[in-house]
Amino acid sequence: MTLEKVPLGVPASVKDPVEASVTSVKGPPKGLTKDLANDSANDSANDSANDSAQGFAKEDAPEREVRGGAGATALEPPRYLGGRRRGPVASTAVRVLVPLLLLAAWWYGTASGAISSEILAGPGAVVGALGELVATGQLGDYLLASAQRAGLGVLVGGGLGLLLGVVAGLSALGEELVDPTMQMKRAVPFLALVPLFISWFGVEETFKVVLIAVAAASPMYAYTYLGVRGVDRKIVEAARGFGLTGTRLAFGVIIPTALPNILMALRICLSVSLTGLIAAEQIGATEGIGYLVTLAQQYYRTDYMVLCIVIYAVLGLLIDLAIRGVERVAMPWRGQVAAR
Amino acid sequence: MWTSRRRTRAALVVAALSLTALTAACGGADTAKTAAGAAGGKGGGAVLKIKDPGNSGPLAVAKKEGILEKRLAEVGATVQWGGSYASFTATVDAVRSGSINVLEGAISPVLGYLVSGKDIKIFAFTDPVTDPAAPQTDGLVVKPDSPITSVKDLVGKQVAVNKGGRGEYLLLLALQEAGIPADQVKRVYLNPDQGASAFATGKVDAWWAIVRAYPEAVAKGARVVVHGRDLKDQDLNMQAARTELLTEHPEVVRVYLKVLQELTAEAQKNPEKFQNVFLDQGPTAVSGPRLTDEIARTRYAKVPRFATAADGAFVTDVAGIFQKYGVLPTAVNPNDVIFDLKPAA
């Protein structure tokens, strides 16, 4: 096996043909992983390094058998084919184990009197509070109002972050123009902008949506920028070789390759939007799950304070589930190539 | 060169597309807002912007029954009910931005705003409740087993108060009356809801609980050292409005005050109607002993009255305490603060 036969994707730094062939046969080559990981410190680069490394191992395996001589009669499965998956039942059981333990500790702590109800309301009181909110129809109204604000905010802010991230990632001029400002903006806590935004946008919906949008723009920008920068130039070259240019290149190759990062960004944007909701709905709101936090504080209801935390936790789970679903639909190849 | 130019072009196309979409979205929102604004200001009349009245009190009943809407329509004005605010600071921000133009509260918290801005004025005061049978509305609370039994015991202790508000005013007043220099007591600035947590977990030695926090603290077993009513408390409840509303539409504000007076008088006779106005359940609803307490409080509530030049003394006294202890940087001239809304008889 010579250097010419080494597939696309092995950096030129692997100069020694012998070492190259040995590493490509034996599984994930150390030099390769390290080089790519150093190139850009992000998940997708690491993943693609692992992916391609496995690819070589699989491709090269039969070749080794042939060269192995007459003694070999059957195909030998590669030593590493990715982690073995647990069954869905076992996996779910492990998944809910820690939350259940936390719940049990909470229950026991409050029921035994070890934790005073002034400090932490018990699960019974929280379920009672939830029942009240459902009975008055407030829960639905609050969730809907907040979902609209957060949705609009993430759409605008995330959209802008995505756009700027792609621009900065794709073109040097774009990076020079956009990146310093975005890095400055990223360091400004959006909560510091609340008083200014009130005087600019009032206290109505515009203010709330703008606040969430500003909060969501930064993570989306940072992750998209990294993701686009991390796209393997050989993939881009290959796509160009097939005649892809312009928007087709951007939408067909670059953005799908950066998709893991973008979806991670979306996760963070949605979580940040919950923080934004608390800040925004403290001011001039009559409904919303952030407003519920304010109400619980103003009326000294510890049961509602804990209920708010539970609601946020459940929303966090739902956001994660939704993004996992999107990942499965939008990146069907990932299940086959990811390291785990 | 060729590749990078292509890449730049791709980026530009993406940029242009997204920008168009965003502009369209923003444009849509703007149009909607303008339309709503035009509808709100129909007839060119004044708009009273009041924050969310919550679930109890005269304004909550006014909102529920549409009383203000009806009465204001007679003078060509409308009312716009806003949202609620987590703190007084946030409320003041809303007043500054014009999202609220009428607000009620004690004198003390608005002084900080009045020192720097001339855009709101006080047009009505509510005299303090003096009937000894009326439930207390605030107090310096300590834990039941606390060694603190009088204001003098506060020396070297930490006391939670809301900054520049009624809690801090009452503490400073109590210290002054007891002859204790204010710097011998550590004031910990916490909003009422934060104060509640800090007090419950023993992070502060005492807490001047005001408004809703006070009955809550007493219900949880706190011991009261001194009440605001035991002091020479000059911090009256007041109604204030933005200056342009008062000068341009005084008749509208008079209608608002009239409605408030009528409803407060009704509440004295029929206090039950003024609790749990919108909801019997949920975080804003009160029940049990708290409800009984609220009903008693409402029964004794005083009716607000027009502010007069003589009321300047209240403002001067409260501001004097704040200025003496460095809470306010400068004095407040009562003539800049009080608006004479009373119609010439």
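Okay, let's start with a word we'll need: a residue is called buried if its relative accessible area is under 20%, exposed if over 50%, and partly exposed in between, using a 1.4 Å probe and protein chains only. Take Tyr221(A): with a relative accessible area of 0%, Tyr221(A) is buried.

Quick housekeeping. What you see is a predicted model, so local features need pLDDT of at least 70 and side-chain atom pairs count only at pLDDT 80 or more, while totals for chains, interfaces and linings use all residues. Residues are numbered from 1 along each chain as its sequence is written, chains are lettered from A and ligands numbered from 1 in the order in which they are written, and side-chain values use heavy atoms, with hydrogens and water left out.

Now, the rings. A pair of aromatic rings is described by the distance of the centres and the angle of the planes. Rings of Phe, Tyr and Trp (for Trp, the six-membered ring) pair if their centres lie within 6.5 Å; planes under 30 degrees apart are stacked, over 60 edge-to-face, and the rest tilted. How many aromatic pairs does the structure hold over all chains? There are nine. One is stacked, because the rings of Tyr221(A) and Tyr225(A) have centres 5.8 Å apart and planes at 5°. Both sit in helix α9 (residues 205-229) of chain A, and being four residues apart puts about one helical turn between them. By the way, helices (H or I, at least four residues) and strands (E, at least two) are DSSP runs, numbered from the N terminus. Tyr225(A) is buried as well, at 12% relative accessibility.

Over in chain B, Tyr169(B) and Phe322(B) make an edge-to-face pair, 6.2 Å centre to centre with 90° between the planes. Tyr169(B) is in helix α6 (residues 166-178) and Phe322(B) in helix α12 (residues 312-324), so this pair ties together parts of chain B that are 153 residues apart in sequence. Tyr169(B) is buried at 1% relative accessibility, and Phe322(B) is buried with a relative accessible area of 1%.

Back in chain A, there's one aromatic cluster formed by Phe197(A), Trp200(A) and Phe201(A).

Rings can have charges over them too, meaning NZ of Lys or CZ of Arg is within 6 Å of the ring centre and within 35 degrees of the ring normal. Lys143(B) lies over the face of Phe199(B), 5.5 Å from the ring centre. And the charged end of Arg212(B) sits over the ring of Tyr299(A), 4.2 Å from its centre.

Next up, helix α4 of chain A. Where does α4(A) bend? At Leu97(A), by about 35°, and a proline, Pro99(A), follows within four residues. That bend is the angle between axes fitted to the seven residues ending there and the seven starting there. Trp106(A), Gly109(A) and Thr110(A) are buried in α4(A), and the cover over its buried residues includes α5 (123-135) and α13 (302-330) of chain A. Just after α4(A), Gly113(A) takes a positive phi of about 90°.

One more residue: Leu160(A), in helix α6 (residues 138-170) of chain A. Leu160(A) counts as partly exposed, at 35% relative accessibility. Leu160(A) and Ser218(A) are 58 residues apart in sequence, and 9.3 Å apart in space, C-alpha to C-alpha.

Finally, chain A overall: 14 helices and one strand, with 41% of its 340 residues counting as buried.

Methods. Contact means heavy atoms within 4.5 Å.
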